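Here is a brief report on one protein model. It covers core packing, a helix pair and a loop residue.

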Amino acid sequence: MILTGLPGAGKTTLLQRLYGMHGAESVPVAAGSAVVIDSSQAKLHWHGRLAWAPYPVRRAVVFATHLSRIRQALNQGQAVIAHNRGCGPYVLRGFAWLARRHGADFHLLLLDTAPELALAGQRVRGRVVAPRTFARHQRRWESLLARVKGGRFTPATGARIVDRAEAGLLEEILFDSVRDADPGRRRLF
């Protein structure tokens, strides 16, 4: 499952709240039968070790590490809850291909946040995305959101849209193969 949304939407905040993460993790976090993989973990893993490299190189290395960790977890038969801010069609097709290759379903959890709130979230965390980059994310996000709302979530097997208020009510993310005796708990998938 990929958790996606605009930069600043609250994806990392949601994962930290659900899985007791504190933001200083540099490796994936075990969560029962699943593993939580936030792109910030790969960034922290490389922090300071690639200072010599230009930003595009550092970004590529961090993304490759993030993908490698997802692949490794899938190889081990684990369910994956991964953060990814990229919602472009090629990125999503790549994740879908990776899941299929390992016999897993590919689900999307879309954290829908108004652009103004996402920008405010960026300012709060002190990492503001360049306006041109944010505009590109926003165009891709709006396209993905429209497709999912229209019932077209390909290449994903399934998709669920939540806003910040709904995300704040979530207690856990479970998958079809995992059931809980308490049907009143707020869960997804």
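## Core, helix pair and loop

Leu-144 touches Thr-4, Cys-87, Leu-92, Leu-108 and Leu-110, leaving aside residues up to four places away in sequence. The model is predicted.

Leu-144 is among the residues with the most contacts inside the largest nonpolar core, along with Ile-70, Val-80, Phe-106 and Leu-108. That core has 26 residues.

| Element | Residues |
|---|---|
| Strand E3 | 34–37 |
| Helix H3 | 55–75 |
| Strand E4 | 79–83 |
| Helix H4 | 89–101 |
| Strand E5 | 107–112 |
| Helix H6 | 131–149 |

A second core is separate and has 18 residues, including Met-1, Leu-15, Met-21 and Val-29.

Next, the helix pair. Helix H2 spans residues 39–46 and packs against H3 at an angle of about 125°. Their axes are 8 Å apart. H2 and H3 are therefore oblique to each other. The crossing of H2 past H3 is right-handed. From H2, the residues Ser-39, Gln-41, Ala-42, Lys-43, His-45 and Trp-46 take part. They meet Val-61, Val-62, Thr-65, His-66 and Arg-69 of H3. By type, the residues of this H2 and H3 contact are four nonpolar, five polar and two charged.

Last, the loop. Val-128 sits between helix H5 (115–125) and H6. Is Val-128 buried or exposed? Val-128 is exposed, because its relative accessible area is 56% and the cut-off for exposed is over 50%. Beyond its neighbours within four places in sequence, Val-128 contacts Gln-122 and Arg-123. Val-128 and Ile-81 are 47 residues apart in sequence, and their C-alpha atoms are 24 Å apart in space.

Technical notes. Residues are numbered from 1 along each chain as its sequence is written. This is a predicted model: local features need pLDDT of at least 70, side-chain atom pairs count only at pLDDT 80 or more; totals for chains, interfaces and linings use all residues. Side-chain values use heavy atoms; hydrogens and water are left out. A nonpolar core is a set of buried Ala, Val, Leu, Ile, Met, Phe, Trp, Tyr and Cys residues joined through side-chain atoms within 4.5 Å. Buried means under 20% relative accessible area, exposed over 50%, partly exposed in between (1.4 Å probe, protein chains only). Helices (H or I, at least four residues) and strands (E, at least two) are DSSP runs, numbered from the N terminus. Contact means heavy atoms within 4.5 Å. Axes are lines fitted to C-alpha atoms, for helices over the stretch in contact, and angles run from 0 to 180 degrees between N-to-C directions. Angles under 35 degrees count as roughly parallel, over 145 as roughly antiparallel, 65 to 115 as roughly perpendicular and the rest as oblique. A crossing is left-handed if the near helix is turned anticlockwise from the far one by less than a right angle, and right-handed if clockwise. Ala, Val, Leu, Ile, Met, Phe, Trp, Tyr, Cys and Pro count as nonpolar, Asp, Glu, Lys and Arg as charged, and the others, Gly among them, as polar.
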